[in-house]
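Try each task before reading its solution.

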Amino acid sequence: MEKNGFSFEISHAGRGLARAGVITTPHGVIQTPCFIPVGTKATVKSVLPETMKSLGSQALLANAYHLYLQPGADLIDEAGGLSTFMNWPGPTVTDSGGFQVLSLGVGFKKVLAMDATTFRADDVVAHKKDRLAHVDDEGVTFKSHIDGSMHRFTPEISMQVQHQIGADIIFAFDECTTLHNTRKYQEGAIERTSAWAIRCLDEHKKLTDTRKEKPYQALFGVIQGAQYEDLRRAAAKDLGSMSSSGISFDGFGIGGALDKDSLGRIVSWVNQELPEDKPKHLLGIGAPEDLFTGIENGIDTFDCVTPSRIARTSSVYTFEGRFNISNAPYRRAFKPIDANCDCYTCANYSRAYVHHLFRAKEILAATLATIHNERFILRLVDQIRQAIIDGTYGDMKADFLSRYSIRRPGAH
Ligand SMILES: [Zn+2]
């Protein structure tokens with residue numbers, strides 16, 4: 001499958017639906033399975049793009065909603081596109097903005113942790129917050145989180161914004177729901193997402209034709225359907241075979257409500273229905289144990305803000321589990337965060353030093369912790385990829401999970 005500089009080749013099949021392959025984009029290749037770090041506003045917070053490259057990052061994902069509001073998609077277009085603007089020479093990805101505009105003020109995470117009886121299911125609003133987004137059949141009207149100004153995203157506007165930003169892989173505008181929406185609401189959301197997917201294909205074709213001098217951008221459709229098997233399978237069948245203006249989707253994202261218990265089931269339902277030869281991206285998932293679940297159910301790429309976000313609150317990964325380096329036991333721990341890690345932070349600094357930086361509120365704390373966490377996840381996915389190629393995936397997974405989260409890593 002080769003289209004204007006974009007292609008996907010599967011090189012090795014592993015256990016279940018697992019596979020290793022290569023995505024080729026106009027800005028370079030992505031060897032899959034691959035973890036794609038998130039630079040929401042065209043920067044992975046506190047870390048240079050050159051450092052991300054040295055950590056093994058093959059691609060970066062930025063957020064269309066944030067870049068639309070600031071500095072503006074037209075400005076990024078004028079700068080020569082996202083890759084040039086942020087000095088990241090490799091492949092880039094943007095998500096459609098759908099999740100961000102729909103979760104404004106809703107507090108998805110908080111809501112999901114709440115008692116389901118305390119709020120109206122189809123109008124979930126976090127405690128003491130106004131709902132900042134309103135959905136209709138045409139699109140979403142929302143209030144900027146920056147200055148309160150009103151904006152509107154439709155499938156056409158999302159495509160226009162993502163074409164101006166110019167990432168190699170872009171996503172169709174979808175309606176993201178929560179596990180607490182009613183079944184009837186989920187059915188309506190699936191219908192809207194399907195109608196919006198066709199409008200995205202049409203607008204994408206139009207923009208690709210009128211901006212011929214720009215590098216080709218691959219468009220991925222997004223599969224919703226929450227926790228319902230019939231809705232997920234129907235959405236995957238629908239978008240998997242969808243064609244409009246003579247084009248179809250180059251790949252697919254799996255989005256929406258996914259909790260740990262249902263993740264593997266949902267991903268396998270969807271990937272059983274989607275065309276096998278197209279790349280599959282799992283949106284917003286990146287916990288170590290979830291990476292295994294995604295990959296063995298057919299996921300090729302992941303993005304997640306978690307490694308850098310938790311790093312800034314002093315939480316670090318190790319092969320024995322996650323711990324908070326600000327805690328007292330690490331004050332005099334003169335050993336690396338993880339002795340098995342090959343990152344710059346672990347090669348040069350002790351837990352005690354990073355602990356000190358966090359306690360002293362020094363900026364370098366965020367940089368050193370982010371370097372370590374991003375390397376940990378990037379390397380883990382690379383190790384999974386190698387295990388699929390070598391045929392040792394089962395042993396590799398068992399070995400990792402037997403050590404991970406068994407106990408809190410010792411201080412000494
Ligand atoms: Zn490290």
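Domain bounds here come from an automatic or database domain assignment. This is a predicted model: local features need pLDDT of at least 70, side-chain atom pairs count only at pLDDT 80 or more, and totals for chains, interfaces and linings use all residues. Residues are numbered from 1 along each chain as its sequence is written.

**Exercise 1.** Find the two domains and describe how domain 1 meets domain 2.

*Solution.* 
- Start with the bounds: domain 1 covers 34-304 and domain 2 covers 315-403.
- Next, take the centres over C-alpha atoms; they are 28 Å apart.
- Now list the contacts (C-beta atoms, placed from the backbone, within 7 Å). They join 17 residues of domain 1 to 16 residues of domain 2.
- Finally, look at the side of domain 1 that touches domain 2: β5 (34-37), α1 (49-54) and α11 each supply at least two residues. The largest share, five residues, is from α11. Helices (H or I, at least four residues) and strands (E, at least two) are DSSP runs, numbered from the N terminus.

**Exercise 2.** Which residues of helix α11 are buried, and what covers them?

*Solution.* 
- Apply the cut-off: a buried residue has 20 or more other C-beta atoms within 10 Å of its own, with C-beta atoms placed from the backbone.
- Within 288-296, this gives Asp-290, Leu-291, Phe-292, Gly-294, Ile-295 and Glu-296.
- Their cover includes α10 (263-273), β14 (280-282), β15 (301-304), α15 (364-390) and α16 (393-403).

Note on methods: A residue is buried if 20 or more other C-beta atoms lie within 10 Å of its own, exposed if 12 or fewer, and partly exposed in between; C-beta atoms are placed from the backbone.
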